[in-house]
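Here is a structure to read, helix by helix. Take a look before starting.

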Amino acid sequence: MPFLGQDWRSPGEQWVRTSEGWERLQLWRLKLFENLNENVLARLLKLTAVEDLIKQKEIKANRSQPHIVVTNRMSREKNFQISLSEALTRLDMCGAIKDIRRFNYVCKLLEFLVKRKFTNLSGAAQKAVLTLTELLVNNVMKTNNHLSTAQKLLKELIITLERGYYDHVGGSLLWHKHQHMAECLQNKLNNLELKERMDDGKIQMSDLPDDCIREILLRLNNHQDLVNTGLTEVRTFQLVQEKQFWHNLCIFHFTNEQWSSVLKRDECIDTLPWPLLYKRLVKRYGLRDVFAEMLHLCKHCNTLYWKDHGHPCFLPDLDPKSIPISPVMCVELFTG
Ligand SMILES: [Zn+2]
């Protein structure tokens, strides 16, 4: 039974027993509400084929503004800290996994948590991370996208669970549960069969002219996607060999100083093949993280929020001023 502290700053929290253990009532309501909303919405959309209504519901669903006011931890009166599990719920990380623009951000956040923080997290936070990982795998199973990302994350999770077996916060029963869950998720992914698109008579990539394919290839932001696309067809393979794609990747991910730093004494940029330069740069510096959507911290009211969703600012009359928060910074805010 959780301890209900009688503190002068707060009368203590109310807790409820759920199938997954004790949960704070406030947080449990929030989760329940989110799930209910999603289910009700799905049922409504299924029942009606009226396009306008679907649009209305989508607009309504997008109106929610998940946010957290990050308080000054040094202030005595406001010295309540938001736990990581609560932050993940209130920042709508579950919804972000299903959102193509926020997916990469959550993946990076989970990767950092699993690699660097997992063994020191509280039991509730560990469960929250596992729940998000499960959701991510389910989303991959459903959409057949980002398979390698999910595989990489699960691999890291299994390594962390093995390494931290004798050195972790929480009981061994919970740790065994995590291991079991990670193995189940990995099996699930291993059994996933990617289905080819049925021949529906519509245009396929192979029907497009070279210029259109070039435009598509120019929008890929890493070499793996470029190489994999080249493996699909002989014509695309030949297009991928063109130097402009590798040149673009070098410009996108690296600076001129970085280019110069990987050149040998007798080499110059003009004579070195772009794929080779790119390979050296990736090896030394790694790829730049790219996020379509990020969490931002409002400078006026200290609110952490998703940029596209906005937030209810305390000072709406002032010009908006915010700084982007990387996944690592976000985790540090609630664990550091
Ligand atoms: Zn604000």
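Questions and answers on helix packing follow.

This is a predicted model: local features need pLDDT of at least 70, side-chain atom pairs count only at pLDDT 80 or more, and totals for chains, interfaces and linings use all residues. Residues are numbered from 1 along each chain as its sequence is written.

Q: How do helix 6 and helix 7 run relative to each other?
A: The axes of helix 6 (residues 123-143) and helix 7 (residues 147-163) come within 10 Å and cross at roughly 150 degrees. Axes are lines fitted to C-alpha atoms, for helices over the stretch in contact, and angles run from 0 to 180 degrees between N-to-C directions. Angles over 145 degrees count as roughly antiparallel, under 35 as roughly parallel. Helix 6 is therefore, to helix 7, roughly antiparallel.

Q: Which residues of helix 12 are buried?
A: Helix 12 spans residues 243-253. A residue is buried if 20 or more other C-beta atoms lie within 10 Å of its own, exposed if 12 or fewer, with C-beta atoms placed from the backbone. The face turned away from the buried side carries exposed Lys-243, Gln-244, Ile-251 and Phe-252. The buried ones are Phe-245, Trp-246, Leu-249, Cys-250 and His-253.

Q: How do helix 12 and helix 14 run relative to each other?
A: Helix 14 covers 274-285. Helix 12 and helix 14 have axes 8 Å apart and pack at an angle of about 30 degrees. Helix 12 and helix 14 are therefore roughly parallel.

Terms used. Helices (H or I, at least four residues) and strands (E, at least two) are DSSP runs, numbered from the N terminus. Angles under 35 degrees count as roughly parallel, over 145 as roughly antiparallel, 65 to 115 as roughly perpendicular and the rest as oblique. Two residues are in contact if their C-beta atoms, placed from the backbone, lie within 7 Å.
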